[in-house]
Amino acid sequence: MRSLLITNIGELVTGNPAWGEGPLGIRRNAALVVDDRRVEWIGRAVDAPAADARVDAGGAAVLPGFVDSHAHLVFAGDRAAEFAARMAGQPYTGGGIRTTVGATRAATDEQLRTTVARLRGEALRQGTTTIEIKSGYGLTVADEARSLRVAREFTAETTFLGAHVVPAEYADRTDDYVSLVCGPMLSAARSAGARWIDVFCERGAFDADHSRAILTVGADAGLGVRIHANQLTEGPGVRLAVELNAASADHCTHLSRADIDALAGSSTVATLLPGAEFSTRSPYPPARALLDAGATVALATDCNPGSSYTTSMPFCIALAVREMAMTPAEAVLAATRGGAAALRRDDIGHLTVGARADLVVLDAPSHLHLAYRPGVPLTTTVVLNGELV
């Protein structure tokens, strides 16, 4: 594999304060060398060694690739009418998930694959180099397994979300559906390559007892734990996540002081999904309170056809700064290193020697422009696993 020099970097965001200025570890007038899919060297541009290939950043900012640790890309169908109804005043309840389940079950593998490829391509063009993809729109043994197989073609970070909602055929038989999820469906998900297990612990979905049972069985089977928690109401999800040492509690829209303190005192990452609040006209999560308490915060897109149909991490950064009182530096860290922590990865989300070579060159002199210029396609160059894409 050829080595690659990225030089004439006006602002290099290393993502590690030990490697530069401030919380982002910024270095100026910098360069870095990529070799064997890793960052091999970082230093001043004037001191850069030779490499097989060269990219001149032209004084622009270079950041770690974004890490989107929560996305639902395996689906079929369209819920634009549902979005329009919400904009006209209808509240979001999560009930539209079953609409997507029906469309997804009716789709072919190739149709599902085409949708994932389109959305993964969108995300990559905007600088997302690592993405987690969930199942959860099949809700049968066969459909959950094929969703995970399709997802596995695009990422190693695949999550089994058989406990998204109780499907219509199990109405009033939640215990029976939980037994299916914990038995044949989990077995099929493991065979299909799932790395994680997730539950929508929420009013109208799964209560604390069912969620604990599903996640415990999944953890015993070797899967990492994640939880959809406290999206629609205050509830048991966040504290259950901490109890089970989950990698992340996702949404965290409605938090008590006890929830915030529990997250701050744990290794569970609070993954915030501001695209969902934007699309549902819901209150935004209390990011400032979480950060001030010392919790680790991640940002992710929650890309799905019903409540957050965006693949743009820069958009989520801009929302976090404007609507959730995060500083631009905090939002960038949450979209990179925070996302890596939510996936329990230490090889991504930062640009230091030895890190995986995932990076983004912006058409801007500073990371500040991600929030300063919302909606503008600022990503000009992406390096994924050491390769220009």
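The largest cavity in the structure has a volume of about 110 Å³, a cavity being a set of points on a 1 Å grid over the protein atoms alone where a 1.4 Å probe fits but cannot get out, and the volume being the space filled by probe spheres set on the points, which are joined across faces, edges and corners. The model is a predicted one, in which local features need pLDDT of at least 70 and side-chain atom pairs count only at pLDDT 80 or more, whereas totals for chains, interfaces and linings use all residues. Residues are numbered from 1 along each chain as its sequence is written, and side-chain values use heavy atoms, with hydrogens and water left out.

The structure holds 1 cavity of 30 Å³ or more. The lining of the largest cavity is made up of 14 residues, among which Tyr92, Ile97, His164, Asn304 and Ser307 lie nearest its centre; lining residues have an atom within 4 Å of a point. By class, the lining comprises 8 polar, 4 nonpolar and 2 charged residues, where Asp, Glu, Lys and Arg count as charged, Ala, Val, Leu, Ile, Met, Phe, Trp, Tyr, Cys and Pro as nonpolar, and the others, Gly among them, as polar.

In the unreviewed UniProt entry, the annotation "binding site" covers His70, His72, His228 and Asp302. These residues are spread over 233 residues of sequence, yet they cluster in space, with a largest C-alpha distance of 12.3 Å. Of the annotated residues, His72, His228 and Asp302 are included in the lining of the largest cavity. Such annotations may be inferred rather than shown by experiment.

Histidine 72 is located in the loop between strand S6 (66–68) and helix H1 (80–87), helices (H or I, at least four residues) and strands (E, at least two) being DSSP runs numbered from the N terminus. Histidine 72 counts as buried because its relative accessibility is 2%, the term buried denoting under 20% relative accessible area, exposed over 50% and partly exposed in between (1.4 Å probe, protein chains only). Beyond residues up to four places away in sequence, histidine 72 touches Lys134, Ser135, Tyr137, Leu161, His164, His228, Asp302, Cys303 and Asn304, contact meaning heavy atoms within 4.5 Å. The side chains of histidine 72 and histidine 70 are joined by a polar contact of 3.1 Å, that is, a pair of N or O atoms within 3.5 Å, of which, within protein, one must be able to donate a hydrogen and the other to accept it, with residues adjacent in sequence counting only if both atoms are side-chain atoms.

Histidine 228, placed in strand S11 (residues 224–229), is likewise buried, at 3% relative accessibility. A polar contact of 3.4 Å links the side chain of histidine 228 to that of histidine 72, and the residues that histidine 228 touches include His70, Lys134, Leu161, Asp198 and His251.

Arginine 146 belongs to helix H4 (residues 141–152) and is buried, with a relative accessibility of 9%. Its side chain makes a polar contact of 3.0 Å with the side chain of aspartate 143.

Most residues other than glycine have a negative phi. Leucine 139, in the loop between strand S8 (133–134) and H4, has a positive phi near 60 degrees and is buried at 1% relative accessibility. Asparagine 385, in the loop between strand S16 (379–384) and strand S17 (387–388), has a positive phi of about 50 degrees and is partly exposed, with a relative accessible area of 23%.

Note on methods: On a 1 Å grid over the protein atoms alone, a cavity is a set of points where a 1.4 Å probe fits but cannot get out, and a pocket is an open set with protein on both sides within 12 Å along at least five of seven lines; lining residues have an atom within 4 Å of a point.
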